[in-house]
Amino acid sequence: MSSGQPILRPERKTRATKHYVGRFSGVMALLGVVLLAIVTSPSATDGSSIFLQAGNLTDILRQIALIGIISLAMTFVILTGGIDLSVGSVLALSTSIVAMGLTRNWQTTGDATHILLAIGAAVLAATIAGIVNGLVVAGLRIQPFVVTLASMIGVRGLAKWLTDNANIDIGFGQDTAAHFAAIFREKMVVIGSYCLLAAAFWVVLSRTVFGRYVRAVGDNETAARYAGLPIRRTKLWVYSLSGLMAGFAGVLYAAENHQGNPNAGVAYELDAIAAVVIGGTRLSGGKGSVFGTVVGTLIMGVLTNMLRLNNVDSNVEMMIKAVIIILAVTIQSQRESD
Amino acid sequence: MKRFALALCAASTLLCVSCSRSSKPVATREGKRYFVAFSQANNAEPYRAAQNALMQKLFSQSPDVKLVISDAQQDNSKQIAQVETFIRQKPDLLIVAPNERAALTVVMGQAMEARIAVICLERDVLLPNYSTYIHSDNLAIGRMVGQFIVDHLTKKYGKPRGTVVAMRGLLGVEAEIKRDNGAKEVLAKYPDIKLVAAPVADWIQAKAKDRMTELLRVQPKIDVVYGHNDPMAVGAYLAAKELGREKEMIFVGVDGLGGPAGGVKKVMDGVLAATFIYPLCVEQAVQVANQILHQPGFRPAKEYTVQSTMVTSENAAKVYENSQSGGEQ
Amino acid sequence: MDGTRYDLVCGQGRIEAYLALGGSTIPAVVIDACREDQFLMSLVENVARRPPSNRDLVREVRSLRERSYKPEEIARKLGLDRAYLQGIIHLVEHGEEMLIEAVEGGRLPISVAIQIAKGTNHEMQLALSEAYEKGDLRGTKLLTAKRMQNLASRRFHTAEFCNIGNAFGLIFGTCCGTLIVAHPMRWMGAHRGHATMTDLLRVENVSKRYGGMHALRNAHFTLQAGEVHALMGENGAGKSTLAKIIVGAVRADRCDFLIAGRPVLIHSSLDAQRLGIAIIYQELDLFPDLTVGENMVVGNLRFQDSPLVSFARIERFCQPYLEQVGLTRNTREPVVNLSIAEMQLLAIARVLSVNARIILMDEPTSSLFEEGVERLFRLIAALKARGVAIVYVSHKMDEIFRICDRVTVLRDGETMGTRDVAATSSDEVIRMMVGRELETAAAAHAARTSTGDVLLSVENLTTRKLTNISFELRRGEVLGIAGLVGSGRSELGAALFGIDKISSGTVCLSGRRVAASSTSDAMRAGIGLVPEDRKLQGLMMQMSVLENSTLSALSRMQRFGFVRRRQEETAAGTIHRSLLLKSPSSDAPVSALSGGNQQKVLLSRWLLLNPDVLFLDDPARGIDVGAKQDIYRIIDELAAAEKGVILVSSELPELLRCSDRILVLNNGCLAAIYERADATPERIMTAATSETNSRTAL
């Protein structure tokens with residue numbers, strides 16, 4: 001029916017259902033992917049599904065944790081209508097610094113202090129990178145894309161310069177560095193930190209004044225200004241958090257890979273943005289949730305695992321991911337046009 | 001409605017793709033079939049692409065072996081994840097060409113713990129978490145290059161003197177360090193041979209061309225350019241040719257891949273004076289693999305070293321032909 | 001014609017539709033389809049007068065054509081009228097097989113078949129309207145679309161041959177003497193007036209709603225060739241909307257256009273261009289980064305005959321028009337390099353280059369200096385002499401009386417009347433613009449005595465847009481601000497609220513000097529501002545009603561950075577109740593609310609913050625009457641609570657209803673301050689529109 005006459009529809013009801021469907025479309029998609037993964041999963045020798053093995057499921061969680069952690073803060077950045085392209089480079093900086101710190105002989109009293117200091121230095125450096133991003137974005141009012149593109153290049157350079165372009169390997173002996181790696185590459189530590197951080201970010205976004213400001217600024221910055229909100233401070237915080245999270249992810253990266261690598265994290269920003277977008281956060285800001293981002297990250301993780309279990313060509317994997325991203329955004333935009 | 005249709009489309013596409021490409025090890029009536037998983041670091045490198053191709057070709061001669069190759073796209077985390085997934089699938093043999101030494105150490109250990117035979121190909125890891133390590137020797141190649149340079153300069157000037165430029169790969173990478181050290185070790189014995197510059201071109205032809213262009217402006221006379229891989233040597237050649245100085249010097253590379261884009265062809269074309277084959281190690285690997293699979297009780301040696309070959313205009317055509325017919329040169 | 005029986009079929013599948021009527025011997029008229037949602041007024045000529053069908057004729061023509069006879073030869077051979085023959089050939093050669101079959105089967109007269117095959121929309125519309133005016137259609141029954149559909153589906157298996165989705169376009173007649181028209185009201189409307197042939201453009205029954213607001217309600221006016229016709233009205237009276245509808249930039253809900261007596265449809269600016277209608281917008285719609293020449297030819301139908309574009313060709317095309325308007329710029333110069341006045345000239349040159357017969361100008365002099373205005377007027381005179389009709393939208397009384405021939409006044413989206421400029425006075429025009437509110441204005445005001453202390457005093461306030469504004473606001477007082485759009489009324493709020501930079505002058509609140517450099521400074525000092533544009537400046541449309549309400553006051557509702565939900569809900573709930581806010585729930589997105597309720601949400605944000613001085617920038621704009629009353633009540637309550645309220649409004653009655661004093665701004669300057677007793681709409685309009693100090697600010 002496409003006549004020019006307005007067609008009367010039970011509007012409220014439609015909207016309510018759509019709202020409901022919209023809210024859970026991410027979860028539905030995740031369930032769909034999980035079901036698909038179960039169905040297509042090859043079976044182990046004892047006939048059970050490989051996908052459902054506890055080991056495999058925790059593998060997935062550990063594999064998505066790094067991107068997951070980065071995408072938590074990225075959600076905040078995108079909610080304010082910004083973007084942070086520098087996270088991959090910041091991760092590389094952090095992983096380099098933590099490895100450098102650990103492999104230096106610091107004459108500290110013990111392992112614990114040494115490890116804490118190294119992590120502290122790495123995370124601090126990453127946070128400073130984030131703060132600089134935030135200061136430039138909020139203070140000089142340059143587009144976040146441009147600012148973080150610049151810092152993506154600059155921070156990568158800094159990491160390479162600090163390490164002289166070489167990887168800093170963390171050995172497997174009995175030294176501090178090896179202890180650090182042994183602790184932080186532990187599956188449960190990685191998954192646990194991701195879960196804790198996800199919970200924290202969820203609480204901050206949904207329960208705090210800051211979270212409210214983040215969404216308000218992204219929704220309508222002009223209106224936020226008229227409402228007297230601390231726009232600059234909010235943005236500064238958001239980018240700092242993004243740096244902090246990338247830094248923490250860098251620490252985990254160093255442990256997982258047993259090395260500080262100035263070339264690490266290339267294109268991580270894109271994976272993180274993809275997870276955020278799949279999770280239903282609008283790239284123009286104002287609308288989105290931490291829960292959605294976690295779901296988006298899980299969708300990507302389960303999908304990747306499913307394809308790999310079936311030995312799908314990694315090039316096909318990329319094509320399928322492309323389809324998923326477009327699909328997710330299509331669903332979103334349909335939801336919005338209601 | 002539209003959304004539903006879209007979702008349906010996507011789901012079915014996924015299913016089709018994943019099912020059509022799925023390859024599970026199945027035991028058939030004829031006997032045991034073997035599942036060999038190969039985790040490749042980065043398909044995009046020609047050397048590694050050649051490895052894949054050769055491995056596929058050689059394993060296709062054993063009909064009971066099913067080979068699956070995954071591509072980590074030069075990403076440590078991705079390769080770790082891929083190996084983890086392979087471990088879940090319990091292959092009969094796991095071959096890993098590690099992207100980086102430290103990164104893959106732990107996960108290869110996990111594979112060993114899961115009682116999977118692991119062949120570590122070309123690049124080792126920090127701990128001996130493998131059944132066997134099959135590699136070539138970059139240090140020896142470096143020395144061979146050094147000696148070749150000395151011989152060339154002696155022939156040119158009557159005694160070992162002259163200027164050498166080294167075009168270095170990505171710093172910190174083992175191959176780069178060893179190829180560099182090997183050559184330096186030899187050249188250091190001849191004080192009249194000067195290493196005038198060693199720019200870093202990250203293995204990339206385009207970067208090497210840029211670095212060389214800069215260098216040619218500064219260096220009035222260059223006798224030898226030693227590219228740590230063939231593309232960099234070719235890049236340097238292109239830069240010199242652009243400035244009309246390519247006749248003044250010779251270009252030496254390492255890798256010696258076959259095929260029309262490989263270094264061997266470049267030697268045939270007179271672009272490179274020589275290239276030193278960095279062996280794919282695949283023939284050896286497949287041989288060992290077949291032994292592991294088919295000979296119960298076979299214990300591979302902990303390490304196999306595959307020797308390099310020098311390719312000059314004399315033997316280039318023969319090597320090229322050989323590589324075309326699919327052998328390991 | 002009387003007693004003729006009609007079948008009217010139109011819409012997609014019209015041919016099939018006719019054939020489905022079977023071997024009906026009723027002379028049938030099958031009307032071409034209109035595009036979807038394009039309403040239809042169409043009919044074909046008098047079928048009965050056509051010669052009877054000859055089923056062999058088609059066969060004959062076809063065989064002759066197959067033997068390569070020329071049309072002239074066939075015409076001679078068969079003794080046929082040339083035009084008629086052409087129609088048959090068209091039928092044969094355009095493969096309208098179904099039609100030919102119908103003709104050959106004796107079910108369809110050839111004349112009708114030709115009409116079906118060839119008939120264009122416009123011709124048929126014309127034929128229909130002629131038939132109507134001649135009285136040929138008298139006694140026809142007009143049914144609504146709904147009934148028509150029922151009828152159609154009962155009589156025929158409609159769905160099989162008609163696309164009912166095309167209901168707008170579907171005219172389906174079956175009964176004797178019954179013409180069924182999808183939209184009888186439109187149909188009637190087009191013929192209500194008595195068109196005189198000199199009317200170049202008749203615009204009738206224009207209605208447009210934005211949300212719940214009528215921007216235009218049955219507005220109408222006529223334009224004659226060679227006249228300059230002023231459209232006047234207060235802000236929001238619908239002048240600009242009407243102009244945009246005429247050029248196809250805005251879709252009306254309903255409208256009828258007749259150009260030289262013919263009904264036309266304008267759905268896009270290209271449609272308008274084809275009909276020779278062009279507009280010069282107030283905010284010139286030029287592409288700043290393109291060159292002068294490119295701006296001239298972009299979207300110009302006259303320039304689209306060749307896919308090749310060269311600077312030389314552009315230059316050849318543009319030069320005469322640029323000379324005509326006196327713009328001495330190279331066509332290859334980017335438009336950013338031009339001054340505003342030059343851009344205006346370029347925009348005029350552009351409309352000349354599309355050969356416009358009708359040119360609309362929306363506030364053309366607002367960005368021009370004296371000299372530019374003179375040149376524009378000379379140009380207008382020259383255009384007029386060439387028979388071009390100009391619609392001149394302006395506030396400026398002196399310009400109207402200088403260059404216009406007639407003036408049509410709009411008020412609240414309705415046409416108040418058209419006057420010859422020579423026979424009217426500016427007083428009369430103002431009265432027409434301000435209108436009925438004259439009586440109602442003063443009466444509604446609740447008595448209020450504002451004897452409080454001085455709360456806010458502003459002295460010599462000067463910003464980029466304002467010059468030397470001084471006034472005082474007392475406790476419990478409502479100070480109204482009148483002025484046209486662009487007079488600086490919103491900018492006054494922006495200056496007080498720390499958005500615009502104050503270049504000189506002082507603002508004191510309760511005797512203490514306020515130097516707000518940001519909105520949060522102003523808020524801390526006790527100034528609040530409800531912005532003019534609630535969508536752009538006010539609300540976060542994705543967020544909920546509750547979140548929008550408490551956004552500014554959140555810092556008072558938190559503990560360790562965590563929002564205290566219960567406190568938040570209680571506080572907001574109280575305010576919402578006092579505002580009579582209607583919302584499905586406080587968690588509903590604010591975008592789901594009506595305009596009036598959205599405005600209340602915005603207002604609640606500031607009431608929660610409870611500032612001493614609240615600047616309300618047109619708070620009742622575009623909302624329904626009930627919500628307006630609620631907002632007036634809140635203003636009264638604020639005053640009663642000894643707060644100071646500054647109320648900006650485009651609607652004089654609103655100002656007169658709510659304010660104790662009214663301050664009139666004109667072009668960034670203080671034009672007058674009236675006590676409520678002295679304020680009359682005429683006085684305010686005169687002060688707001690007078691030219692005395694308008695140019696000084698530029």
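Colleague: Among contacts in chain A between residues at least 6 apart in sequence, what share joins residues at least 24 apart?
Modeller: This is a predicted model, and two residues count as in contact if their C-beta atoms lie within 7 Å. Take the contacts in chain A whose partners are at least 6 apart in sequence, then keep those at least 24 apart; the share is 79%.

Colleague: What is the corresponding share in chain C?
Modeller: The contacts in question have a separation of 6 or more. Within that set for chain C, residues 24 or more positions apart account for 68%.

Colleague: How many helices and strands does chain A have?
Modeller: Chain A has 338 residues, and 56% of them count as buried. Its secondary structure comes to 13 helices and 2 strands.

Colleague: What percentage of chain C is buried?
Modeller: The secondary structure of chain C comes to 28 helices and 25 strands. A residue is buried if 20 or more other C-beta atoms lie within 10 Å of its own. Of the 698 residues in chain C, the buried part is 47%.

Colleague: Which helix of chain A gives the most residues to the side that touches chain B?
Modeller: In this pairing, 43 residues of chain A are in contact with 39 residues of chain B. Helices 1, 2, 10, 12 and 13 of chain A each supply at least two residues of that side. The one that gives the most, with 8 residues, is helix 13.

Colleague: How many charged residues are on the side of chain A that touches chain B?
Modeller: Sorted by class, that side has 17 nonpolar and 19 polar residues. The charged residues there number 7.

How values were computed. Residues are numbered from 1 along each chain as its sequence is written. Chains are lettered from A and ligands numbered from 1 in the order in which they are written. This is a predicted model: local features need pLDDT of at least 70, side-chain atom pairs count only at pLDDT 80 or more; totals for chains, interfaces and linings use all residues. Helices (H or I, at least four residues) and strands (E, at least two) are DSSP runs, numbered from the N terminus. A residue is buried if 20 or more other C-beta atoms lie within 10 Å of its own, exposed if 12 or fewer, and partly exposed in between; C-beta atoms are placed from the backbone. Ala, Val, Leu, Ile, Met, Phe, Trp, Tyr, Cys and Pro count as nonpolar, Asp, Glu, Lys and Arg as charged, and the others, Gly among them, as polar.
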